[in-house]
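Please look over the sequence and the structure shown here before reading the report.

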Amino acid sequence: MPDSEFPTPIRKLLTEGGLEPDAPLEHRIFTNRDLNLDRISLVGFDMDYTLAIYRQDAIEELSIRSTTAKLIARGYPEMLKEVDADPRFAIRGLMVDKRLGNVIKMDRHGYVGRGYHGGRRLDGNERKEIYRAQRLGQEQERFAPVDTLFALPEVTLFAALVDLIDEHPELWPGASPPGYPEAWQDVRECIDEAHRDGSIKDLVRQDPGRYIDRDPHLPETLHKFRSAGKKLFVLTNSFFPYSNAVMEYLLGDSLPSYADWTSYFDWVVVGSGKPGFFGDGRAFQELSRNGDPVGPPKADVQRGKIYQGGNQHGLQASFGVHPDEVMYVGDHIYGDIVRSKKSSGWRTALVVQELEQELAVRRARSITLQEIDALYALRARIAAEVSSQRHQSRALNRLTVEELVARGERDGPEAEALLEQARASARRRVERLRAYEEEVHGTLERRSKEVDEAFNPYWGSSFTERHDTSRFGSQVEYYACVYTSRVSNFRYVSPAKYFISPQGSMPHWQVR
């Protein structure tokens with residue numbers, strides 16, 4: 001009997017027990033490496049942008065406003081308040097060139113596909129002149145990666161500051177404006193201070209519904225993991241007062257079988273200091289339910305208690321499981337995924353909040369995207385033919401009348417006429433192909449611009465660049481075992497699900 005033919009009560013019980021309902025496209029889980037959930041006995045979660053999905057426009061506006069006030073207090077001009085900082089400007093995967101005041105986007109090979117100086121887009125010639133070499137971004141003193149959604153407001157504000165420095169240096173009376181590296185450092189310090197001193201988090205705590213999307217399916221997803229016998233833990237950099245307010249908003253009074261939000265988890269670690277958590281040897285400080293320290297720091301943790309700080313080795317020892325039996329779910333490529341994978345051996349699931357919009361655009365523009373793929377393939381064929389015809393034309397230009405006569409092919413006048421006819425024919429073929437190539441290129445540019453603007457008017461898709469995987473996309477592919485748009489998407493899969501990655505292929509594997 002097909003699952004759809006079961007009576008509703010039975011189908012509901014089967015679904016709660018692991019039957020997989022059909023997931024909408026934007027809620028699917030995508031696989032980079034094989035992962036058998038049946039062998040995962042412990043699932044850990046970051047909080048910010050993982051369990052808690054922020055309303056990006058609202059949190060960015062708050063972050064920019066708070067940081068702007070601190071910059072002005074440091075002596076930056078009041079005009080900074082009037083700057084129209086477009087929240088769409090920054091996306092994950094960008095790189096900030098602190099030396100030149102540029103924001104750039106690279107493909108997986110490190111080639112810069114597009115960039116902005118402040119709010120002005122670099123034209124092709126300027127971009128290529130500055131960034132001719134590949135594998136940029138390795139100089140930490142010069143380049144700052146944009147790996148988290150929390151980092152987007154500082155990029156937007158920095159770009160606005162670059163414009164202000166360039167266009168209105170007179171706003172710094174009696175002194176020259178700061179250099180780009182100094183401006184970047186000031187923005188970083190001010191936004192960090194705004195997070196530390198409560199300028200941002202106190203307002204979120206007071207009105208979490210304004211800044212956080214309360215996912216109604218999160219409690220049932222966590223319950224589904226627990227019902228399958230898996231243990232759960234929280235590992236977050238946020239400290240207890242903020243974590244408690246956010247988690248209470250997300251999970252409080254959701255399911256009657258859980259007394260409070262901490263009941264969903266076997267271990268809770270706040271103020272963890274990731275990525276240092278995965279390499280440092282700090283002790284764990286137990287906290288009371290009010291967030292006050294309890295007793296001296298400890299080397300390990302006990303189930304059902306709340307801790308601050310600590311380290312991966314102590315937490316791992318407390319679990320009593322092998323590293324490959326742990327899956328950690330987070331949003332930070334470096335802080336959550338890379339370090340946990342390299343240092344701990346845990347399996348990894350990346351929450352990519354932007355994926356929902358990415359998939360929605362790809363579905364809406366599927367025909368145009370197919371046309372773009374076809375145009376790229378056609379352009380490659382034309383380019384190959386142009387190269388062949390150019391080689392032939394050069395060979396004809398090197399060929400002389402005397403060589404034809406010497407071979408006994410034709411006499412002098414006839415050989416000369418025949419050679420000129422062949423050269424003219426070759427030139428016409430190259431000209432036709434070049435005209436066709438330009439026409440295809442123009443169509444490709446228009447279609448690509450149309451799709452890019454649907455993803456993001458400045459940068460296009462976070463996952464692609466130069467019709468290739470972007471730096472961000474390659475990181476998702478390389479470091480995450482699986483990735484999805486939100487934690488609650490796991491409700492669509494069985495806790496015993498075996499994720500099997502698509503078969504990879506190298507170019508020569510396609511040859512038949």
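The report below takes up strand pairing and then the nonpolar cores.

The model is predicted, so local features need pLDDT of at least 70 and side-chain atom pairs count only at pLDDT 80 or more, while totals for chains, interfaces and linings use all residues. Residues are numbered from 1 along each chain as its sequence is written, and side-chain values use heavy atoms, with hydrogens and water left out.

Strands (E, at least two residues) and helices (H or I, at least four) are DSSP runs numbered from the N terminus, and two strands pair if DSSP finds at least two bridges between them. Strand β11 (residues 231-235) is largely enclosed by the rest of the structure, because 4 of its 5 residues are buried, where buried means under 20% relative accessible area with a 1.4 Å probe, protein chains only.

| Strands | Sense | Bridges |
|---|---|---|
| β3 (residues 42-45) and β11 | parallel | 4 bridges |
| β11 and β12 (residues 267-270) | parallel | 3 bridges |
| β5 (residues 95-97) and β6 (residues 102-106) | antiparallel | 3 bridges |

V43 stands opposite L232 in β11, and L235 has V269 in β12 as its bridge partner.

A nonpolar core is a set of buried Ala, Val, Leu, Ile, Met, Phe, Trp, Tyr and Cys residues joined through side-chain atoms within 4.5 Å. The largest such core has 81 residues, of which F45, F265 and F490 touch the most other members, and helix α4 (residues 152-167) gives the most to this core, with 9 residues.

Definitions and conventions:
Buried < 20%, exposed > 50% of the residue type's maximum accessible area, 1.4 Å probe, protein only.
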